[in-house]
Amino acid sequence: MAAVGVFMLAALVLSCKCGSVGKPGDDPGAGSGSEAEQSGPAAASSGSEAPGGGGGAAVSLPDSCEEELLVRPLHSGDVYASFQFRTLWDTDFLHQGKKVSHYRLFPKSLGQVLSKFSVRELHISFTQGYWRTMQWGQPIVPSPPGAELWVWFHNSVADVDGNWKELTNVLSGIFCASLNFIDSTNTVQPSASFKPLGLGNATDHRFLRYATLPREIVCTENLTPWKKLLPCGSKAGLAVLMKSEKLFHSSFHSQAVHIRPVCKDWQCTSTAWELRQTLNVVFDLYTSGQGKKEWSLFKMFSRTLTEACPLASSSKVYVDVTDNPEGELFDLSPATSVLNTAVVLGDRRTYSVYDLTKKETFGQLRSLNLVLRWKGESGDMLRPLLHAERYVAGFGLQTGEIHTLIYNNHPYRAFPVLLLDSVPWYLRLYIHTLTVTSKTRENKPSYIHYQPSKDRLRPHLLEMLVQLPPHSVTEVTVQFERALLKWTEYTPDPNHGFYVGSSVISALVPSVVAMDTNNTQERPLFSSFFPTKEESSYFVRVYTEPLLVNLPTPDFSMPYNVICLTCTVVAVGYGSFYNLLTRTFQVEEPSQPLAKRLANVIRRIRGVPLL
């Protein structure tokens, strides 16, 4: 008994010591009980790894998170809202023999995916709607309609296709999506279009996989697991604005997750893993507001901001006031004297900044509800320098032609673009009919990479490097033939048509102002997604519309008609014949007259023979 008592006392002392290391008071980012419990082991591990950490010294945590909201009034009367959440973690998932066990801010589900499948970069997006570039300008984070997934694997992976298949199944479960339908028939290996956005300049495209599902429908079941990956969930910070019924009642909605290794300083002496979650929404408040352009946070999201995420080191709201320098176009309330200037997509923009980590931002009501009231009409929007469209031409259900139009709206600068087309195998391309014309002249591509398809195994892959003349429209056309599918390969609604994923156009567009090549200095998150390597240009990725193509479709109602006709013939023909064979016939005597029947009754009573 004495030994048992000593053992219980030792366990009690150890548990008290462990609790004092990770208590919420010692953690500067602890915001709730659940987060404090998660941060306890992380704080303990970081305290043991910090060199020279005394008992009273502050412990530097290996992870941090930031959140931002950008609100931009569009010239069309719509409102563009872009959420950015970034989590940095100083760890190494790919280190051989090292197992990461303690997770504080970084989601454990994604960390285990990176470690198990040796993922170097992961980019996934779910989009509902199509981004109207000519009306809204260029988006902060581009994405095609439907689902898009592209992954760079580590060069030590032996079976890339096997890891890719397992990874899509796991991500399908994490995000409650149909990513398990990604297979070899819609997966390609681009050779030049999708370079790593993080550390490393990988050129071996054998470790790259790219796939799209243009028919994927985005709904609440995809948003809920996405919000659970945030450090504060949807309980605090900017995430409280993400109300499903408001987000999906919009003209455009896109949510994405980007994971990549990045440098923590200019010399890149230390690296970290960056998890960036983005949510982009375009609200059509002009139509729903009876022709008024006024908007507010409560009108868009049915909620207001009351606090920042306790675990976030930075929480800010940016409102684009570039077109309103003197306040002649609109009034923004509550007013703020904090302005920030940033270069976004080759243009210098001015933003009003609201810092949610400061109590004075919320005022006496302890609530922040930004309200914008227009006083005059806004001017015309500048046309984007790069724009693209695509459509299907032709007649009948045998052959057709795909037209891709690429617009260079720069008045005097020519620049090259990289076009990627992934076409399903059942559209058999005639690559000898490929033509590229600019200003009614042939424009010969300087680089072409084409991988033909294999029936039911892989799609077509076409990559071209085309020089766009200034102020021109470049048209790329190619003819195709529709294939006949097996009756089991048709969708449940074959007459709706078959979707073809968007074309991807990547380019370095000439910049009006000098771009900042220092990607590690402090600046808004929405201006640092694509790394900048040249001051004279910035990277742009444009997606075209997905195509809807009709294929030769058999009459799937014929089996029903055959069944009905067969049953009718059996019922009428065989039924009548069987009835004749099995029926028994009896001769029935005609009934006697009434007088004769009465006479027989009397004779029966008298005992006399009947008549």
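Let's start with a charge over a ring. The charged end of R260 sits over the ring of F529, 5.4 Å from its centre. There is another case to look at. K116 lies over the face of F117, and here the distance to the ring centre is 5.7 Å. Please keep in mind that this is a predicted model.

Next, the cysteines. How many disulfides does the structure hold? It holds 1. The bond runs between C232 and C309, with the sulfurs 1.9 Å apart. Find those two residues along the chain. C232 is in the loop between α6 (220-228) and α7 (244-247). C309 is in the loop between α9 (297-301) and β10 (314-320).

Is the disulfide right-handed or left-handed? The torsion about the S-S bond of C232 and C309 is about 75 degrees, so the disulfide is right-handed. Both cysteines, C232 and C309, are buried.

Now look at C65. A disulfide needs the two sulfurs within 2.5 Å. C65 is buried too, because its relative accessible area is 4%. What about C176, with its relative accessible area of 43%? C176 is partly exposed.

On to the aromatic rings. A pair of aromatic rings is described by two things: the distance of the centres and the angle of the planes. The count here comes to 24 aromatic pairs. I'll show you two of them.

Take W136 and F252. Their ring centres are 6.4 Å apart. Their planes stand at 65 degrees, so the pair is edge-to-face. W136 belongs to helix α4 (residues 133-136), and F252 belongs to strand β7 (residues 252-263). The two residues are 116 residues apart, and the pair links distant parts of the chain. W136 is buried, and F252 is buried as well.

Now compare F194 and Y210. This aromatic pair is stacked. The distance is 4.5 Å centre to centre, with 25 degrees between the planes. F194 is in the loop between β5 (187-188) and β6 (208-213), while Y210 is in strand β6 itself. They are 16 residues apart. Are these two buried or exposed? F194 is buried, at a relative accessible area of 1%. Y210 is buried, at 3%.

Rings can also join up in a group. Which residues form a cluster through ring pairs? They are F83, F85, W226, F283 and F301.

Now a sheet. Find the open sheet of 3 strands, in the order β9-β14-β11, with antiparallel pairing. Which strands stand at the edges? They are β9 (295-296) and β11 (330-333). Each has a single partner strand, so one side of each is left without a neighbour in the sheet. Strand β14 (residues 371-374) is joined to β9 by 2 bridges, and the two run antiparallel. For W295, the bridge partner in β14 is L372.

Last stop, helix α11. It covers residues 594-606, which is 13 residues. From first C-alpha to last, α11 reaches 19 Å. That is close to the 18 Å expected at 1.5 Å a residue. What follows α11? G607 does, and its phi is positive, near 80 degrees.

Notes: Residues are numbered from 1 along each chain as its sequence is written. This is a predicted model: local features need pLDDT of at least 70, side-chain atom pairs count only at pLDDT 80 or more; totals for chains, interfaces and linings use all residues. Side-chain values use heavy atoms; hydrogens and water are left out. Helices (H or I, at least four residues) and strands (E, at least two) are DSSP runs, numbered from the N terminus. Buried means under 20% relative accessible area, exposed over 50%, partly exposed in between (1.4 Å probe, protein chains only). Rings of Phe, Tyr and Trp (its six-membered ring) pair if their centres lie within 6.5 Å; planes under 30 degrees apart count as stacked, over 60 as edge-to-face and the rest as tilted. A charge sits over a ring if NZ of Lys or CZ of Arg is within 6 Å of the ring centre and within 35 degrees of the ring normal. Two strands pair if DSSP finds at least two bridges between them. The expected span of a helix is 1.5 Å times one less than its number of residues.
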